[in-house]
Amino acid sequence: MIDKHMISENFEKLFQAAKDVRDNAHVPYSKFKVGAAFLTEDNSIIAGCNVENAAYPQSQCAEASAIGNLVAKGFTKIKEVVVIGSGDLLCSPCGGCRQRLREFAALDVNIHMCNVNGHIKTSTLEDLLPDSFGPENL
Ligand code: THU
């Protein structure tokens, strides 16, 4: 299902950034490459890919890598997200990454879930993580 009205002018740039960084994913175990790209408060684009490890639980999702990049570059806000996985299905952020995104993205931020051929579905963070716990709960 493609919700054209939810596709922003930044989508194409974010999609390309996520697709490019996805090529660098380190996935010798799952072979499932993922790229994530964020739009920041000043409209910069920050990206990251998944990085797996021979000790499997030490692997890192693409969204977590992108968040590390975001913070390292001095940003604190995510205004829009593109995630591109492998195969035909949409790449839905895992539960842990939904919570990671919650730290830096408002509940109405759009998360575009894609495959390498294009956009499949857009949901807000609130859709993906209802009744969530965030910084303002502390
Ligand atoms: N993966 C991500 O990078 N992001 C997600 O939101 C879902 C899963 C990665 C983790 C692992 O390297 C591979 O996809 C297969 O689960």
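The model is predicted, so local features need pLDDT of at least 70 and side-chain atom pairs count only at pLDDT 80 or more, while totals for chains, interfaces and linings use all residues. Residues are numbered from 1 along each chain as its sequence is written, and side-chain values use heavy atoms, with hydrogens and water left out.

**The ligand**

The surrounding residues are Ser30, Phe32, Val34, Asn50, Glu52, Cys61, Ala62, Glu63, Ser92, Pro93 and Cys94. This shell divides into six nonpolar, three polar and two charged residues. In this grouping, Ala, Val, Leu, Ile, Met, Phe, Trp, Tyr, Cys and Pro count as nonpolar, Asp, Glu, Lys and Arg as charged, and the others, Gly among them, as polar.

Next, select Asn50: an N or O atom in its side chain is 2.9 Å from an oxygen atom of the ligand. For the side chain of Glu63, the corresponding distance to a ligand oxygen is 2.7 Å. At Cys94, a backbone N or O atom lies 3.1 Å from an oxygen atom of the ligand. On its own, the ligand has 380 Å² of accessible area, of which the protein covers 77%; such areas come from the Shrake-Rupley method with a 1.4 Å probe.

**The cysteines**

How many disulfides are there? The count is zero, a disulfide being a pair of cysteine sulfur atoms within 2.5 Å. Cys97 is in no disulfide either, and the nearest cysteine sulfur, that of Cys94, is 3.7 Å away. Cys97 is buried, with a relative accessible area of 0%; buried means under 20%, exposed over 50%, and partly exposed in between (1.4 Å probe, protein chains only).

Select Thr124, which is found in strand 5 (residues 118-124). Strands (E, at least two residues) and helices (H or I, at least four) are DSSP runs, numbered from the N terminus. Leaving aside neighbours within four places in sequence, Thr124 is in contact (heavy atoms within 4.5 Å) with Leu107, Asp108, Val109 and Asn110.

Finally, select Leu128 in helix 4 (residues 125-128). Leu128 is buried, at 12% relative accessible area. Beyond its neighbours within four places in sequence, its contacts are Pro93, Arg98, Ile111, Met113 and Ser123. Pro93 is also one of the residues surrounding the ligand.

Note on methods. Near = heavy atom within 4 Å. Polar contact = N/O pair within 3.5 Å; in protein donor to acceptor, adjacent residues only side chain to side chain.
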